[in-house]
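The sequence and structure come first.

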Number of protein chains: 2
Amino acid sequence: MDDVRWLTDREERAWRSLQVMHMRLDGALARQLAADSGLSYPDYVVLVVLTDRPDGRMRLFELAAALGWEKSRLSHQVARMADRSLVKKEKCDSDRRGAYVVVTSRGRRAIEAAAPGHVATVRRLFVDRLTPSQLDAIADAAELVLAALDEPAPRPR
Amino acid sequence: MDDVRWLTDREERAWRSLQVMHMRLDGALARQLAADSGLSYPDYVVLVVLTDRPDGRMRLFELAAALGWEKSRLSHQVARMADRSLVKKEKCDSDRRGAYVVVTSRGRRAIEAAAPGHVATVRRLFVDRLTPSQLDAIADAAELVLAALDEPAPRPR
DNA sequence: CTAACATAGTGGACGTATCATCTATTCCGC
DNA sequence: GCGGAATAGATGATACGTCCACTATGTTAG
């Protein structure tokens with residue numbers, strides 16, 4: 001097959017620069033979080049979603065859906081976080097297969113300590129570097145790509 | 001500290017959508033690669049850079065720089081790839097600390113088999129969903145953020 | 001009612017990323 | 001040259017993600 005449509009320079013530039021940006025940005029954010037608060041990025045996002053609830057409690061499958069994670073990934077992550085007492089698990093009475101994840105006070109303190117520095121870093125490295133219309137352009141583009149991802153994959157070849 | 005400048009809705013939308021897009025896009029690309037060719041994404045990028053050289057051979061530190069990876073990461077990755085005979089390592093005569101990574105014919109076959117499908121997927125999910133000016137806008141924004149990442153970090157608080 | 005199926009969650013295996021540490025070599029200032 | 005600093009790379013520990021197989025419970029069609 002030599003009828004491959006390789007990327008043009010313009011396409012290549014967009015694709016590469018986005019990938020490099022993400023690699024470096026994720027790394028910087030993870031390092032800042034770890035240094036300032038001892039949380040990993042996965043810890044952080046789990047705690048963000050959980051502490052958004054008034055009771056700091058969610059079913060695992062609910063949390064997985066909110067994060068867009070697979071259930072196994074969340075199960076492992078919650079197990080690790082429970083080991084460090086950032087969350088705890090509780091049985092569910094109404095559905096005996098189920099379990100709740102609940103933020104502990106230690107988890108709450110950790111996220112409250114971590115959030116300001118994290119947001120400041122997101123601003124310093126990303127948000128504050130871009131104009132409002134650049135931010136909108138990015139969001140629009142990302143949503144188009146997400147729509148593509150929701151289409152069923154084409155029959156292979 | 002309650003003088004934190006949290007993200008506005010517009011900022012939040014851009015930041016979130018970009019993150020979600022990346023999570024899902026990376027996953028889709030990794031799954032496509034693995035299914036079609038048995039290569040992981042790290043395997044793929046290593047082979048891309050390596051096969052760009054006429055002799056398919058690079059020093060480890062050179063390859064690490066080209067990829068923007070840390071040396072340790074590359075060392076582990078190359079070791080795994082060597083186990084599967086995608087590359088091999090060779091001693092370096094001119095600098096006896098050093099080593100070359102060399103693509104094997106198996107590695108070459110793997111990347112040649114994988115590339116068309118990978119590029120097609122990048123097109124289907126990303127490049128072909130966006131207009132040229134959207135692609136430029138993304139590249140411009142990414143380069144601004146990369147510039148921010150190259151600035152020295154501010155003194156912590 | 002019950003058999004088939006779907007859903008909630010767990011757990012192991014494996015590959016991957018980071019960090020810190022270690023060895024061997026080369027470079028460079030004096 | 002020589003001794004300290006920098007560089008190339010390997011390695012072990014730990015955390016993270018995915019895949020797959022598995023248990024247990026709930027749901028539904030006939």
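## Surface near DNA strand D

The residues of the surface near DNA strand D comprise 12 charged, nine polar and six nonpolar; here Ala, Val, Leu, Ile, Met, Phe, Trp, Tyr, Cys and Pro count as nonpolar, Asp, Glu, Lys and Arg as charged, and the others, Gly among them, as polar. The model is predicted: local features need pLDDT of at least 70 and side-chain atom pairs count only at pLDDT 80 or more, whereas totals for chains, interfaces and linings use all residues. Residues are numbered from 1 along each chain as its sequence is written, while chains are lettered from A and ligands numbered from 1 in the order in which they are written.

In total, 27 residues surround DNA strand D, and the closest are A:Ser40, B:Leu60, B:Phe61, B:Ser72 and B:Ser75 (near: C-beta atom, placed from the backbone, within 6 Å of the molecule or strand). Two or more residues each are given to this surface by α2 (41–52) and α4 (71–83) of chain A and by α1 (9–37), α3 (60–67) and α4 (71–83) of chain B. The largest share, six residues, comes from α4(B). Helices (H or I, at least four residues) and strands (E, at least two) are DSSP runs, numbered from the N terminus.

## Helix α5 of chain A

Helix α5 of chain A (residues 105–125) has 21 residues and reaches 30 Å from its first C-alpha to its last, close to the 30 Å expected at 1.5 Å a residue (expected span: 1.5 Å times one less than the number of residues). At A:Ala115, α5(A) bends by about 35 degrees, and a proline, A:Pro116, follows within four residues. The bend is the angle between axes fitted to the seven residues ending at a residue and the seven starting there.

The buried residues of α5(A) include A:Ala114, A:Ala115 and A:His118 (buried: 20 or more other C-beta atoms, placed from the backbone, within 10 Å of its own).

## Pairing of chains A and B

A rotation of 180 degrees with 0.0 Å of shift along its axis superposes chain B on chain A, with an RMSD of 0.0 Å (least squares on the C-alpha atoms of residues with pLDDT of at least 70 in both copies). That is the relation of a two-fold axis. In chain B, the C-alpha nearest the axis belongs to B:Ile138, 3.3 Å from it.

Contacts join 45 residues of chain B to 45 residues of chain A (contact: C-beta atoms, placed from the backbone, within 7 Å). On the side of chain B that touches chain A, α6(B) gives the most, with 15 residues.

Note on methods:
A residue is buried if 20 or more other C-beta atoms lie within 10 Å of its own, exposed if 12 or fewer, and partly exposed in between; C-beta atoms are placed from the backbone. Two residues are in contact if their C-beta atoms, placed from the backbone, lie within 7 Å.
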